[in-house]
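The following paragraphs accompany the sequence and the model shown here. Please keep both in view while reading.

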Amino acid sequence: MTDQLGALTVIFTEFYYWVTVVLMFLIHVGFCMYEVGASRYKHHQHTLMKNTMVIPLVTVTWFFFGWWIYWAFPTGPGIAPSIMTESTALIMDDSTFSAKWYAPNTEFMAVNLGDHISGVFWAAFLLFSWTAASIVSGAIIERITTFAFGILAIAIGSFFWVIDAAWGWHFDGWMLKILGYHDAYASGVIHAIAGGFALGVLMVLGPRIGKFSSSGEPRNIGPRNPWLVTIGLFLIYTGFWGFYAACNIPIFDLGPEYGMEGVTYWTATNIYVTPTTLSGITYNFLMSLSGGLLAGYVVAKGDPFWTYSSGLAGIICASAGNDLYHPIQAMLIGAIGVVIAYKMHYWVERKFKIDDAVGAVAVHGYAGFAGLVICGFVLNGYPSSGYNVGAMWDGSTYASINPLGQFLGAIIMFVVLGLIPGYVLARILNAFGKLRIPREVEIAGLDYEMMEDDRDAEKAVASSTR
Amino acid sequence: MATVTNWIDHLSAKEVVGAVYPGAGSTETLLVILGVVFWIGWHVITARSESEKLSRLARKRHGANDHKSNVTEW
């Protein structure tokens with residue numbers, strides 16, 4: 001960097017993403033607190049450790065192959081040509097945004113004086129990956145083995161969600177071109193897929209012992225520590241601010257990028273390189289949070305667990321279009337998403353005997369799915385990209401945002417890349433007897449031996465101080 | 001092992017080499033192999049110890065409230 005203004009832009013961008021990563025760390029802290037608060041005393045430490053291990057397992061696999069997938073797979077492969085290479089193959093050429101630079105043995109995946117962005121951008125996406133895995137973690141507490149969860153966490157955190165990000169959350173993704181898919185703050189690419197994946201796992205894993213009576217009536221196994229749940233969800237809200245910022249490119253000159261001769265237009269953009277503002281999305285973040293909280297308080301009759309979760313569901317539902325919505329649209333969409341998620345949760349629980357311990361499938365899956373569909377109607381006709389806008393199904397140009405494309409996108413996220421892989425992987429783990437802990441252990445508590453050791457240690461200390 | 005031995009020489013070169021970590025340009029693939037072995041090894045070790053622990057605990061057949069006798073005050 002020899003030009004001072006250019007250097008400032010680069011260093012600002014580097015620092016911007018670094019700050020978002022630190023903020024997003026709070027999402028994981030929040031998920032850990034939330035899950036422990038929702039679990040029963042005899043499972044606390046196992047619950048905490050299970051979700052903590054998401055951090056190293058997803059991080060190392062994200063380094064080994066997850067990040068490479070994001071850059072390699074936008075074309076499908078074989079579905080729509082890249083605007084960079086005009087090929088539908090994996091993107092592995094010498095162009096700037098090629099996966100070639102993000103294999104784990106390249107010099108850009110390390111301290112490199114010529115590259116100030118790759119590491120912080122890698123980390124921002126990594127924190128999204130932790131979130132995807134953590135969403136699944138909450139739904140399956142108190143009965144899954146740590147081994148099985150580790151495999152599932154890697155599958156959703158470093159593989160399946162990255163595929164959907166390459167397809168629908170990349171400026172060159174085939175879903176933008178063919179479907180006009182738009183999902184600025186990840187209603188689908190993080191939340192719907194993780195919710196669908198969790199549902200697929202739950203279908204095989206089964207409910208916690210005692211969740212359903214012999215006649216099939218669900219029993220409430222409510223959060224054991226509402227204060228921990230409260231702080232956890234507030235921390236998730238806080239981290240979500242960082243997530244929103246991380247989904248933007250902070251400063252970009254769209255004039256030359258879109259090929260507009262003589263035009264200079266500096267702005268923040270979303271992940272698709274279409275213009276928005278950090279200021280504008282701040283309106284929408286807060287208004288969709290508010291819409292969710294207001295609706296949740298009503299439908300859950302003031303239940304704190306569901307009211308807090310509804311704040312999150314409100315943001316998630318509005319996130320697909322929060323780069324462009326009016327704040328009141330964001331609020332109303334958030335409220336609608338909460339009603340759908342809440343009603344769906346209890347309907348699915350009763351009808352299919354699905355025990356989603358923290359409502360993760362509802363808050364993330366159903367609200368995310370609904371958010372994508374609603375976005376298709378509200379933003380109908382907006383360009384999904386600034387590059388070469390054309391017709392739906394064309395493939396070589398970018399379709400506009402539309403209801404059908406968003407609905408199909410929601411199916412791809414929730415069912416194709418979420419529910420089906422989750423179900424299949426859980427079936428495989430179950431076939432090897434590795435999915436669920438033994439019944440006796442579930443009854444005794446996963447922390448039994450640890451607690452027993454603590455008791456013996458306490459006795460030993462007490463006897464030595466007499 | 002050092003990739004850089006003199007910063008003045010390094011930064012005043014006609015074309016500055018960006019990768020400055022030890023072994024740049026020659027050890028990356030070996031490092032990836034070591035990293036993958038470490039990662040897979042972790043799964044093998046923890047899966048084995050978890051299976052043993054769960055089997056041991058299952059054999060004891062504790063009741064749903066037995067853990068309460070283990071609650072400590074510290």
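In which helix of chain A is L199(A) found? L199(A) belongs to helix α7 of chain A, helices being DSSP runs of H or I with at least four residues, and strands runs of E with at least two, numbered from the N terminus. This is a predicted model, in which local features need pLDDT of at least 70 and side-chain atom pairs count only at pLDDT 80 or more, whereas totals for chains, interfaces and linings use all residues. Residues are numbered from 1 along each chain as its sequence is written, and chains are lettered from A and ligands numbered from 1 in the order in which they are written.

L199(A) counts as buried, with 26 C-beta neighbours inside 10 Å. With C-beta atoms placed from the backbone, a residue is buried if 20 or more other C-beta atoms lie within 10 Å of its own, exposed if 12 or fewer, and partly exposed in between. Leaving aside neighbours within four places in sequence, L199(A) is in contact with I354(A), V361(A), G365(A), L419(A) and G422(A); contact requires that the C-beta atoms of two residues, placed from the backbone, lie within 7 Å.

From first C-alpha to last, α7(A) reaches 25 Å, close to the 27 Å expected at 1.5 Å a residue; the expected span is 1.5 Å times one less than the number of residues. Just after α7(A), G206(A) takes a positive phi of about 85°. A186(A) is buried, with 29 other C-beta atoms within 10 Å.

Attention now turns to other helices. The 26 residues of α12(A) should span 38 Å, and the end C-alpha atoms are 37 Å apart, which agrees. K353(A) follows α12(A) and lies in the loop between α12 (327–352) and α13 of chain A. K353(A) has a positive phi of about 55° although it is not a glycine, and it counts as partly exposed, with 15 C-beta neighbours inside 10 Å.

How does α13 pack against α4, and what is the angle between them? Helix α4 (residues 118–139) of chain A and helix α13 (residues 360–378) of chain A pack at about 140°, with their axes 8 Å apart. Axes are lines fitted to C-alpha atoms, for helices over the stretch in contact, and angles run from 0 to 180 degrees between N-to-C directions. The two helices are therefore oblique to each other, since angles under 35 degrees count as roughly parallel, over 145 as roughly antiparallel, 65 to 115 as roughly perpendicular and the rest as oblique. I135(A), G138(A) and A139(A) in α4(A) meet A360(A), V361(A) and H364(A) in α13(A).

In helix α14 (residues 403–431) of chain A, the end C-alpha atoms are 40 Å apart, in agreement with the 42 Å that its 29 residues should span. A kink of about 35° in α14(A) is centred on I412(A), the bend at a residue being the angle between axes fitted to the seven residues ending there and the seven starting there.
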